[in-house]
Amino acid sequence: MNFAEDEKLLKELEKGIENFSFEEEESGIVIASFDGMCIVRGLANAFINEVVIFDSGEKGIIIKIENENRTIFIFEKNTLEKGVTKIL
């Protein structure tokens, strides 16, 4: 690559970054919460070891996928409520 090609690539990358937007694609709802973990229904496209963020701000990681349910280990204090807390 030469300088002109580098500049062209940089401009294309900057344009892509300017036009980038985050859209929520999936959500789920807590159906059980216990001992630092919870079970969530939904998140059909989620995968094991994916980090998720709850509407309460808490974070967790998916450790098990079973049918439409996902078992999630909560990183900090678990204050999630069944049927109330949602995943963003």
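**A first tour**

Guide: The protein chain has one helix and six strands, in the order α-β-β-β-β-β-β from the N terminus. Helices (H or I, at least four residues) and strands (E, at least two) are DSSP runs, numbered from the N terminus. This is a predicted model, where local features need pLDDT of at least 70, side-chain atom pairs count only at pLDDT 80 or more, and totals for chains, interfaces and linings use all residues. Residues are numbered from 1 along each chain as its sequence is written, and side-chain values use heavy atoms, leaving out hydrogens and water.

Visitor: Is Arg 70 buried or exposed?
Guide: Buried means under 20% relative accessible area, exposed over 50%, and partly exposed in between (1.4 Å probe, protein chains only). Arg 70, in strand β5, counts as buried because its relative accessible area is 4%. Across the protein chain, buried residues make up 23% of the 88 residues.

Visitor: Which backbone oxygen lies 3.2 Å from a polar atom of the Arg 70 side chain?
Guide: That one belongs to Leu 43. The Arg 70 side chain also reaches the backbone oxygen of Ala 44, at 3.4 Å. Contact means heavy atoms within 4.5 Å; leaving aside neighbours within four places in sequence, Arg 70 is in contact with residues including Cys 38, Ile 62 and Lys 64.

Visitor: And how does Phe 73 count, buried or partly exposed?
Guide: Phe 73 also lies in strand β5, which spans residues 69-74. Phe 73 is partly exposed, because its relative accessibility is 39%.

Notes. A polar contact is a pair of N or O atoms within 3.5 Å; within protein, one must be able to donate a hydrogen and the other to accept it, and residues adjacent in sequence count only if both atoms are side-chain atoms.
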